[in-house]
Amino acid sequence: MKFEKLLFILFLSMCLSGCGNSEEKGEPTNQNVEPETSETDLSPQAEMMANDEKIIEMLKETGKIPEDASPTEIQNALENYLQKKAKNVKENEKSSQKYMEDLKKEIQKDLQNKNE
């Protein structure tokens with residue numbers, strides 16, 4: 001019975017980790033989304049600049065960047081925001097990997113105990 005619960009938890013965690021990929025694929029979640037330009041329309045540098053502009057707008061809207069901020073202040077705020085996001089992503093990956101490794105070890109122990 002314990003083995004079945006562990007398999008269910010493992011299966012559930014694998015399903016949930018796969019569900020988060022729909023946003024990364026760029027699937028629109030809103031009906032009022034503007035049509036996207038094709039990949040050939042923008043160079044990678046132009047796409048990055050467009051994304052940076054969107055982040056800057058969001059930071060201004062949330063009050064993290066004052067409306068009258070200098071270009072240097074805006075650049076610093078953008079870099080700080082991106083560094084924090086990157087750090088959070090790495091921490092989440094590490095904790096997720098550790099959880100999966102712990103689950104695998106626990107399942108292996110249960111299998112060994114069941115076989116003995």
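One salt bridge is present in this structure, which is a predicted model. The salt bridge pairs Lys98 with Asp102, and the closest N and O atoms are 3.1 Å apart. Both residues belong to helix H4, where four residues, or about one turn of the helix, separate them.

**Salt bridge and its setting**

- An α-helix has 3.6 residues a turn, so residues three or four places apart point the same way.

**Overall architecture**

- The protein contains four helices and zero strands, and its elements follow the order α-α-α-α from the N terminus on.
- Of its 116 residues, 11% count as buried.
- The accessible surface amounts to about 10,300 Å², and carbon and sulfur atoms contribute 52% of this area.
- Among contacts with a separation of 6 or more, 57% are made between residues 24 or more positions apart.

**Helix H4**

- Helix H4 covers residues 71-115 and comprises 45 residues.
- From the first C-alpha of H4 to its last, the distance is 66 Å, close to the 66 Å expected at 1.5 Å a residue.
- The buried residues of H4 are Ile74, Leu78, Leu103, Ile107 and Asp110.

**Nonpolar core**

- The largest nonpolar core consists of seven residues: Ile55, Ile56, Leu59, Ile65, Ala69, Ile74 and Leu78.
- Helix H3 (44-61) and helix H4 (71-115) each provide at least two residues of this core.
- The largest share comes from H3, which gives three residues.
- Two residues of this core, Ile74 and Leu78, are also among the buried residues of H4.

- Glu53 is located in helix H3.
- The relative accessible area of Glu53 is 45%, which means that this residue is partly exposed: the value falls between 20% and 50%.
- Glu53 and Leu78 are 25 residues apart along the chain, and their C-alpha atoms are separated by 9.4 Å.
- Leu78 is a member of the largest nonpolar core.

**Confidence of the prediction**

- The mean pLDDT of the protein is 74, and 62% of its residues reach 70 or more.
- Among the elements of the protein, H4 has the highest mean pLDDT, at 87, whereas helix H2 (residues 21-24) has the lowest, at 47.
- The pLDDT is below 50 over residues 21-27, a stretch that has two contacts in the model beyond near neighbours in sequence.

Methods. Residues numbered from 1 in each chain as written. Predicted model: local features only at pLDDT ≥ 70, side-chain atom pairs only at ≥ 80, totals over all residues. Heavy atoms only, no water. Core = buried A, V, L, I, M, F, W, Y, C linked by side-chain atoms within 4.5 Å. Buried < 20%, exposed > 50% of the residue type's maximum accessible area, 1.4 Å probe, protein only. Expected span 1.5 Å × (residues − 1). pLDDT = per-residue confidence, 0-100. Contact = heavy atoms within 4.5 Å. Salt bridge = Lys/Arg side-chain N within 4 Å of Asp/Glu carboxyl O. Areas by Shrake-Rupley, 256 points an atom, 1.4 Å probe, with all protein chains shown as cover.
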